[in-house]
Amino acid sequence: MEEKRNAMQLSILEQEPAGDVIVRQSEIRLVGKKTRIVTANKRQPLPQIKAFWQQCEADGTLQALRALSPNAQCFVSATDNFGKMEYDYWIAVEADASTPVPEGYGIIETLETNYARFRAEGPACDAVYNLWSWIYRRWFTRGEYKHGISPELELYPFEGRDSETCVTEIRVPVKKIDKKRMKRSQLPMMLPPLGALLGLVIGINMENITAGLLVGFLGGYIGSIVVQHILDEREVDKTGLEERLDAPKKEEEKGEEE
């Protein structure tokens with residue numbers, strides 16, 4: 001499903017999608033304020049996030065953001081700079097390169113990559129928080145996509161965020177999982193235990209089980225390293241070939257844009 005690109009890319013899904021919505025999203029520049037969310041010592045993120053929204057509304061930040069980028073279609077929360085049980089949480093708006101950055105505000109940029117889009121309905125912060133739980137516990141565990149490296153995004157309407165009918169959206173950077181590669185990567189992991197099993201049989205026949213297990217396990221371990229190296233080399237060769245095949249197409253597209 002392709003997303004229409006315009007001056008401002010970010011807008012909330014108008015209706016519940018029938019299936020997965022994966023879009024190729026260009027680089028996006030966001031201007032806003034951030035806070036540090038800490039989850040150590042059993043601290044819950046949701047109260048901290050709600051408090052930051054309340055603070056930004058009380059001190060005029062939300063109003064200032066709307067005035068800063070009049071063409072923006074929604075507020076955008078972004079999460080990045082993940083540490084051990086803590087991360088940065090932004091409240092921002094989409095802004096073009098000419099938009100000034102006031103003192104006390106900052107810039108966060110997303111990469112051009114694939115994003116999965118998810119729609120939520122209900123009081124904004126609670127609905128988004130519950131949707132995140134479903135995404136990580138149910139959607140990712142299907143094994144079709146893994147998390148990408150661009151910032152996570154949450155899209156909030158300018159008004160009515162506490163309404164039961166409020167519609168919000170989550171965008172998660174994703175990368176398609178190569179299931180064939182996953183199956184290939186399992187082969188090296190199987191070799192050490194298979195070697196140990198074979199060594200056990202040999203050890204029983206030699207009446208020295210310990211020596212048999214040791215030799216079998218070491219043989220399997222060395223074999224796994226060799227096999228993994230061969231698979232990695234083939235993957236590099238395949239990637240290089242794909243890049244060479246895609247190069248003329250990219251040059252042609254670049255020429256059309258110019």
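Biologist: In β4, which residue is the bridge partner of Lys34?

Modeller: Before I answer, note that this is a predicted model: local features need pLDDT of at least 70, side-chain atom pairs count only at pLDDT 80 or more, and totals for chains, interfaces and linings use all residues. Residues are numbered from 1 along each chain as its sequence is written, and side-chain values use heavy atoms, leaving out hydrogens and water. Helices (H or I, at least four residues) and strands (E, at least two) are DSSP runs, numbered from the N terminus. In β4, Lys34 is bridged to Trp90.

Biologist: How many bridges join β2 to β4?

Modeller: Two strands pair if DSSP finds at least two bridges between them. β2 and β4 run antiparallel, and the number of bridges joining them is nine.

Biologist: And which residue stands opposite Leu30 in β5?

Modeller: β2 and β5 (residues 106-109) also run antiparallel, joined by four bridges. In β5, the residue opposite Leu30 is Ile108.

Biologist: Moving on to helix α2, why do its buried residues line one face?

Modeller: Buried means under 20% relative accessible area and exposed over 50%, with partly exposed in between (1.4 Å probe, protein chains only). In α2 (residues 61-68), the buried residues are Thr61, Leu62, Leu65 and Leu68. Seen down the helix axis, with directions taken from the axis to the C-beta atoms, they line one face because they fall within an arc of 120 degrees.

Biologist: Which elements do those buried residues of α2 pack against?

Modeller: On the other side of α2, Gln63 and Ala67 are exposed. With contact meaning heavy atoms within 4.5 Å, the buried residues pack against β2 (29-38), α1 (45-58), β3 (75-83) and β4 (86-94).

Biologist: Is Glu169 buried or exposed?

Modeller: Glu169 lies in strand β9 (residues 167-176). Leaving aside residues up to four places away in sequence, Glu169 touches several others, including Ser11, Phe118 and Leu155. Its relative accessibility is 1%, so Glu169 counts as buried.

Biologist: Which side chain makes a polar contact of 2.6 Å with that of Glu169?

Modeller: A polar contact is a pair of N or O atoms within 3.5 Å; within protein, one must be able to donate a hydrogen and the other to accept it, and residues adjacent in sequence count only if both atoms are side-chain atoms. The 2.6 Å contact joins the side chain of Glu169 to that of Arg117.

Biologist: What share of the protein's residues is buried?

Modeller: The secondary structure comes to five helices and nine strands. Of the 258 residues in the protein, the buried share is 40%.
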